[in-house]
Amino acid sequence: TILFTHRPCKVLVLCLGLLPPLSIKIFSVLIRLVSPLQLELSNTAVLHQMRRDQVTDTCRANSATSRKRRVLTPNDLKHLVVDEDHELIYCYVPKVACTNWKRLMMVLTGRGKYSDPMEIPANEAHVSANLKTLNQYSIPEINHRLKSYMKFLFVREPFERLVSAYRNKFTQKYNISFHKRYGTKIIKRQRKNATQEALRKGDDVKFEEFVAYLIDPHTQREEPFNEHWQTVYSLCHPCHIHYDLVGKYETLEEDSNYVLQLAGVGSYLKFPTYAKSTRTTDEMTTEFFQNISSEHQTQLYEVYKLDFLMFNYSVPSYLKLE
């Protein structure tokens with residue numbers, strides 16, 4: 001099993017062994033899904049088992065890379081949102097419907113304060129004080145929750161998520177903090193003969209420059225990626241923490257409602273449905289990659305390769321890998 005243990009250095013240490021079985025909560029729920037009336041749900045359970053197996057197999061096949069980090073610190077658990085009342089742990093991944101899932105978690109943990117997730121303003125959903133994360137617990141409490149609670153995350157095709165992050169953070173004029181924090185740095189490093197205005201504002205980063213920044217070894221040595229373009233395996237540690245459910249952006253509504261059903265709240269809480277016209281699509285992503293050299297495409301794929309393999313996304317047909 002995987003446990004956090006006390007060590008003299010007062011760091012949370014992960015004892016690595018075989019991935020543990022399903023959490024106690026989801027196992028007891030799935031036991032109840034044996035009646036013919038629940039056939040559709042049990043078919044979904046089989047799909048999720050296949051997704052879990054895919055993660056496990058990828059972790060084993062790439063153990064040198066995926067388990068490079070043998071120690072998890074409290075900082076590594078700050079993306080795991082905890083719901084005590086329904087015994088849930090949700091690892092949020094930015095650009096994978098995390099605003100709506102945080103809204104749902106606020107409804108679930110609010111004890112009646114909220115009833116409609118869409119009434120919660122988006123900016124309020126991202127206020128860290130509104131949700132409790134696993135890093136705020138003691139080591140025995142962390143152990144207990146990882147063993148007993150139902151753990152889930154949502155993933156998305158890695159390059160579609162990356163383009164979505166780029167479009168949101170670098171092409172929207174209101175994202176001044178990102179322009180200042182990252183845009184100026186990217187332009188300084190990646191643009192020859194940049195104007196003084198561009199160096200000062202950082203608000204016109206090209207996608208090619210963003211890619212060059214991501215694959216630059218200096219970038220990763222300097223600091224971890226921002227959460228909006230960090231890999232899922234680095235945010236949620238699926239080779240160390242065994243997730244019961246892996247939801248996908250491509251089947252967001254049905255996967256989300258399945259999670260809510262297993263949590264026992266599906267009768268009164270549904271995932272908010274909305275058709276977002278500005279959503280980043282596969283066609284859009286293809287377009288963005290047209291101007292990226294095959295050398296840079298290959299290097300970028302290497303950065304996100306574990307996310308592609310772990311969550312069963314095939315190599316995009318538009319890539320010209322070397």
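## A bridge between helix H6 and a loop

In this predicted model, Arg145 and Glu84 bring their side chains together in a salt bridge, with an N to O distance of 3.1 Å. Because Arg145 belongs to helix H6 (residues 139–148), while Glu84 sits in the loop between strand S3 (80–83) and strand S4 (88–91), the pair ties together parts that are 61 residues apart in sequence.

The two partners can also be described by their accessibility: Arg145 has a relative accessible area of 10% and is therefore buried, since the cut-off for that class is under 20%, whereas Glu84, at 31% relative accessibility, counts as partly exposed.

## A buried pair

Another salt bridge joins the side chains of Arg156 and Glu160, for which the N to O distance is 3.2 Å. Both Arg156 and Glu160 are buried.

Arg181 forms a salt bridge with Glu223, in which the closest N and O atoms are 2.8 Å apart. This pair links distant parts of the chain, given that Arg181 lies in helix H8 (residues 176–190) and Glu223 in the loop between helix H11 (217–222) and helix H12 (232–236), 42 residues apart.

With a relative accessible area of 38%, Arg181 is partly exposed. Through salt bridges that share partners, Arg181, Lys185, Arg189, Glu222 and Glu223 are joined into one network.

## The whole structure

A search of the whole structure finds 14 salt bridges, among them the pair of Arg145 and Glu84, that of Arg156 and Glu160, and that of Arg181 and Glu223.

Definitions and conventions:
Residues are numbered from 1 along each chain as its sequence is written. This is a predicted model: local features need pLDDT of at least 70, side-chain atom pairs count only at pLDDT 80 or more; totals for chains, interfaces and linings use all residues. Side-chain values use heavy atoms; hydrogens and water are left out. A salt bridge is a side-chain nitrogen of Lys or Arg within 4 Å of a carboxyl oxygen of Asp or Glu. Helices (H or I, at least four residues) and strands (E, at least two) are DSSP runs, numbered from the N terminus. Buried means under 20% relative accessible area, exposed over 50%, partly exposed in between (1.4 Å probe, protein chains only).
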